[in-house]
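Here are my notes for a colleague new to this entry. Please read them with the model open.

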Amino acid sequence: MVVLTAYPPARLSADEVATEVRALAAELGASGPGDMGNVMRPAKARLAGKADMGLVSAAVKAALAG
């Protein structure tokens, strides 16, 4: 078990995910909830294997809410 736990990449924390998502939204010029799909596609590509996608989705919603 020790060997197996050494291989997966470390997961990002909720704060790290939120920071990444806010930066991505700013890069893309996303301004509201209508841009969710435009942010989720590159966020999935950028954070795949590094973060839980449910967390990413919640962070995108929060970033675009206000």
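Which residues does Ser-57 touch, not counting residues up to four places away in sequence?

1. Ser-57 touches Met-36 and Met-40; contact means heavy atoms within 4.5 Å. Ser-57 sits in helix H4. Ser-57 counts as buried because its relative accessibility is 18% (buried is under 20% relative accessible area, exposed over 50%, partly exposed in between; 1.4 Å probe, protein chains only).

2. This is a predicted model: local features need pLDDT of at least 70, side-chain atom pairs count only at pLDDT 80 or more, and totals for chains, interfaces and linings use all residues. Residues are numbered from 1 along each chain as its sequence is written, and side-chain values use heavy atoms, with hydrogens and water left out.

3. The largest nonpolar core has 13 residues. Val-17, Val-21, Val-39, Val-56 and Val-60 have the most contacts inside it. Helices H2 (14-28), H3 (36-47) and H4 (53-65) each supply at least two residues of this core.

4. Leaving out residues up to four places away in sequence, Val-21 touches Leu-47, Val-56, Ala-59, Val-60 and Ala-63.

5. The axes of H2 and H4 come within 9 Å and cross at roughly 50°. H2 contributes Ala-14, Val-17, Ala-18, Val-21, Arg-22 and Ala-25 to the contact. H4 contributes Leu-55, Val-56, Ala-59, Val-60, Ala-63 and Leu-64.

6. Gly-37 lies in helix H3. Gly-37 is partly exposed, with a relative accessible area of 31%. Its C-alpha atom is separated by 9.4 Å from that of Val-60, 23 residues apart along the chain.

Definitions and conventions:
A nonpolar core is a set of buried Ala, Val, Leu, Ile, Met, Phe, Trp, Tyr and Cys residues joined through side-chain atoms within 4.5 Å. Helices (H or I, at least four residues) and strands (E, at least two) are DSSP runs, numbered from the N terminus. Axes are lines fitted to C-alpha atoms, for helices over the stretch in contact, and angles run from 0 to 180 degrees between N-to-C directions.
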